[in-house]
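Please examine the structure shown below together with its sequence. The paragraphs that follow lead from the chain as a whole to its core and then to its charged pairs.

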Amino acid sequence: MSVNSVSFAAPEVNTGGNNARIKALEQKLQKLNEDKKKAIQQKDEEKVKKLEEEILKVEKQIEQLKKKDEKKQEEEKSKEEGRGNGFLRPEEMAYGRYVDVRV
């Protein structure tokens, strides 16, 4: 009798690629802000300006990814409710949920 090996790995959780990217960008933003503080202390105006520009870019990226995630979650929620595209599903029509009763 042969026994096959069984792997007990943790199940993969789909947290979304954007969530990991947002976290990475937030960490980058934190580092940039720390570097900016150091540049201010060192009175390096050129470096401060450069870091401020980079901070704005990263903040914009984070905002865009968060909006994208929110939109995706709304779409998934509406799909679960069966209203993803604004049309009725065939099974909803078959049961007469939306029957015009005017005579």
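Among contacts in the chain between residues at least 6 apart in sequence, what percentage join residues at least 24 apart? The value is 52%, where contact means heavy atoms within 4.5 Å. The model is predicted, so local features need pLDDT of at least 70 and side-chain atom pairs count only at pLDDT 80 or more, while totals for chains, interfaces and linings use all residues. Residues are numbered from 1 along each chain as its sequence is written, and side-chain values use heavy atoms, with hydrogens and water left out.

The chain contains three helices and zero strands, and its elements run α-α-α from the N terminus on. Helices (H or I, at least four residues) and strands (E, at least two) are DSSP runs, numbered from the N terminus. Of the 103 residues in the chain, 17% are buried. Buried means under 20% relative accessible area, exposed over 50%, and partly exposed in between (1.4 Å probe, protein chains only). The chain exposes about 9,700 Å², of which carbon and sulfur atoms supply 50%; accessible areas come from the Shrake-Rupley method with a 1.4 Å probe, and for residues only the protein chains shown count as cover.

The interior may be considered next. In soluble globular proteins, nonpolar side chains tend to be buried together. The largest nonpolar core here has eleven residues: Ile22, Leu25, Leu29, Leu32, Ala39, Val48, Leu51, Ile55, Val58, Ile62 and Leu65. The elements that give two or more residues to this core are α1 (17–41) and α2, and α2 gives the most, with six residues. A nonpolar core is a set of buried Ala, Val, Leu, Ile, Met, Phe, Trp, Tyr and Cys residues joined through side-chain atoms within 4.5 Å. Val58, one of the core residues, is in contact with Leu25, Lys28, Leu29 and Leu32 when its neighbours within four places in sequence are left aside.

Leaving aside neighbours within four places in sequence, Lys66 is in contact with Ile22 and Glu26. The C-alpha atoms of Lys66 and Ile22 are separated by 7.6 Å, although the two residues are 44 apart along the chain. Side chains of opposite charge can pair when their charged atoms come close. Glu26 forms a salt bridge with Lys66, with 3.5 Å between the closest N and O atoms. Because Glu26 belongs to helix α1 and Lys66 to helix α2, this pair ties together parts that are 40 residues apart in sequence. A salt bridge is a side-chain nitrogen of Lys or Arg within 4 Å of a carboxyl oxygen of Asp or Glu. Glu26 is partly exposed at 34% relative accessibility, and Lys66 is partly exposed at 38%.

A search of the whole structure finds five salt bridges. Among them, Glu52 pairs with Lys36, the closest N and O atoms being 3.5 Å apart. Glu52 lies in helix α2 and Lys36 in helix α1, so the pair ties together parts that are 16 residues apart in sequence. Glu52 is partly exposed, with a relative accessible area of 36%, and Lys36 is partly exposed, with 22%. Another salt bridge links Glu63 and Lys67, whose closest N and O atoms are 3.4 Å apart. Both Glu63 and Lys67 lie in helix α2, four residues apart, about one turn of the helix. Glu63 counts as partly exposed at 45% relative accessibility, whereas Lys67 counts as exposed at 52%.
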